[in-house]
Amino acid sequence: MRGAAPRRRAPLFLAAGAALLFAASIGVALQHAVQQYRLENQSQRVSVWYSSQALVELHRTRSAMLRMGELDAEPQDETLLDRFEILLSRVALLTPENAETTEAVHRQLGSIAGLLESLEAIEPAIIAFRPEDRVERARILVVLDSAEDQLTSLNVALHLERAEAVTLAQANASRLSLVFTACIVGIALSSALLMALLRRGMRRAMDTERTLRVLVEALPVAVTAVDAEGRFVLANGAARDLYRLPASDAQLIGRRAGEIGAAPWLERDAAAVLAERQPRGAAEREVPTQEGGRRTLITTSAPVLSGAEVVRVVSVGLDVSDRREADERIRFLAEHDVLTGLPNRVLFAERLRAALVPGRAARVVAVHCLDLDDFKAVNDSLGHPVGDQLLIAAATRMAGTLRQGDVLARLGGDEFAVIQPDIAGPEEAAETAARLVQALARPFRIAGYTLRSGGSVGTALAPLHGETAEALLQRADIALYRAKAGGRGRNVVFSADQEERLVERRRLEEDLHQAVTVGQMVLAYQPKFRLRDGALEGAEALLRWHHPERGWVPPSLFIPVAEETGLIHRLTRFVLEEACRQALRWRMQGLEVPVAVNLSAAEFGAGQGVRMVQEALAATGGDPRLLEVEVTEGVFLRNADRAAAEVAALRKLGVRVALDDFGTGYSSLGYLQHLAFDVIKVDRQFVDRIEQPGPSRHIVDAVIRLAHGLSAKVVAEGVETRGQLQALAALGCDLAQGYLLSEPVPPQALPALCGKGATQAGATPRVAA
């Protein structure tokens, strides 16, 4: 008797375990599905599309108005009023009555309503617009500019909101697939176990059946069961909804699927299980919805055996429509840029190869490579969030200049590319490139800043410049390089000589790497003389490169290459260390000659300047008093606080700091109040005109008085005539350097200049480096 009780309780334990497995599987699946649905819903807000379209239509409206009245303007298929009506319809879509209200839209409902009112207010002016009416044109443009600011702000907010949701959705999507698979297995196993327990005694069967029915009815997955004849004996609420089965048992129980118009695969699956007496694996099915759409299900069926006979067939259907949508979303993210929503490099290459398929297009295909000018400066000075907003705004502007069917992609960073299939020829490509440059040239108003970034464009044409995607991209990139080298804010079409120049530049890069490695770099020193008594008081270290085949390579040629390739840091370390060593060598000869070394804004403003000076002094045992660091005003424009901290740190080391080229950049007397410079250098452009009374002489006089008031010495650069030297001396300038006094010389020639003072300049031959 004692052993019978556990045996009687065993079915109950099994039932409880099955129920727990059911509940756990469905609960986890439901929780993850709901979470995934919410994340995907947030990442697919149509408001992003609406706001982007509104901004694009605004640019097109402005372009249509600006083209009106141009003598050479071609007739347009759409009038200004047509474009404006489209713009109004796009803005109206952003109201809560037409679009789902995201948090970003909700925050700006008032401004959207005001924007719509302001646009509707100028509709009569649009209808009656005449190109020669400049006052009315200006009034309309003011309203359009205001609308652009509001739409840009909304568009940026919506893109950032969607990007955050997409990131979360990606992290959750992979887990959801595993959960669904586990749930299907768990549900199938638990359903089969529960149905098997029905064979137990009538009382237990009735209790178990009642438990099963309650549990199955509560499940959010479709569960059905048919008898050996294929007639329904069970269908929960989810199954009735998904399969569109009759709601009442009287119309459902005892009938076959075909008799009630249910999905035919329900009957086929049941018949296959009855015939094979084996479970069917998971299969993907589609069912129609009452709204006319379709839902995707993963279904499985299993037999319930009584001895060797199949008495029931249980089928389970799990709705995975959200998972399929998530898969599509993941595929979209793999091919698109998360920040801007544009195609990425992968999809761009695919579209370009498709456009280049032989016979697909009868005319020319253009590829434009472009990037934003000075984008790195925006990121460094204002931060990546502002940089991201600039990228989004620039992408929107560029899209507004393109035709339908053109492809705009973001390749990475601030690099974009455009495919223009089936164009008439180079002229049409050049016009598009010019529009892109003009669109980017207009200021951007972002996060309270007015940013003037601009952009450069390089263009290549197929089949003229290549017939493969790789060749076109490479040559468009070469053209882009030439556009940026020519002053930026330009569009350039590829030509063969550009490729030759690029090859030559790459050879120069390779030679420069080799020169740094094998020690082809040397220093020359330009002396600085005291004007009071003509004594030598210091020298400026100048980097020189003697190539075994090229000869002396000008610094103006190799310094920009070094900055672009990152070799500038190795060169700066070499100059600092060699200057420290040479100052010590001169000291051993009885000469105290401080050496000045120039640090670039990239090194000094990026927090590397002090560290490089410390390392050079430590490596050489140099005396900080014999080292002077020259910096330009540009370092204070990038990050004034950091630059000021580095100036203070250098002076604390005992190193003198000179402000180079004072007055040639964005001079501000404000930072001179807080920074203690030891030397201020007057640029040669002021020295050139100092002999005659005029602005240059007054500016130099003012700089000298200002420097002396700050307890700093003044060095005049580029002194080439005796008249310049005399004028500087009369104004009280402290030091001078230039070809009148001495050319840059090798280190061994400097001691001979100690006896040659500034007063003797011009009386003796200059020493050449």
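User: Is the crossing of α13 and α17 left-handed or right-handed?

Analyst: The crossing of α13 and α17 is right-handed, where right-handed means that the near helix is turned clockwise from the far one by less than a right angle, and left-handed that it is turned anticlockwise. Please keep in mind that this is a predicted model, in which local features need pLDDT of at least 70, side-chain atom pairs count only at pLDDT 80 or more, and totals for chains, interfaces and linings use all residues. Residues are numbered from 1 along each chain as its sequence is written, and side-chain values use heavy atoms, with hydrogens and water left out.

User: At what angle do the axes of α13 and α17 cross?

Analyst: The axes of α13 (residues 345-355) and α17 (residues 469-485) cross at roughly 115 degrees and come within 9 Å. That makes α13 roughly perpendicular to α17, a label used for angles of 65 to 115 degrees.

User: And which residues in α13 meet α17?

Analyst: Phe348, Leu352 and Arg353 in α13 meet Ala469, Glu470, Leu472 and Leu473 in α17, with contact meaning heavy atoms within 4.5 Å. By class, the residues of this contact are 5 nonpolar, no polar and 2 charged.

User: Switching topic, where is serine 456?

Analyst: Serine 456 lies in strand β11, which covers residues 455-462, and serine 456 is buried, its relative accessible area being 0%.

User: Which side chain does the side chain of serine 456 make a polar contact with?

Analyst: The partner is the side chain of aspartate 373, at 3.1 Å; a polar contact is a pair of N or O atoms within 3.5 Å, where within protein one must be able to donate a hydrogen and the other to accept it, and residues adjacent in sequence count only if both atoms are side-chain atoms. Leaving aside residues up to four places away in sequence, serine 456 touches residues including Cys369, Leu370, Leu480, Ala483 and Arg488.

Notes
Axes fitted to C-alpha atoms, helices over the stretch in contact; angles between N-to-C directions. Helix = DSSP H or I, 4+ residues; strand = E, 2+ residues; numbered from the N terminus. Parallel < 35°, antiparallel > 145°, perpendicular 65-115°, else oblique. Nonpolar A, V, L, I, M, F, W, Y, C, P; charged D, E, K, R; others polar. Buried < 20%, exposed > 50% of the residue type's maximum accessible area, 1.4 Å probe, protein only.
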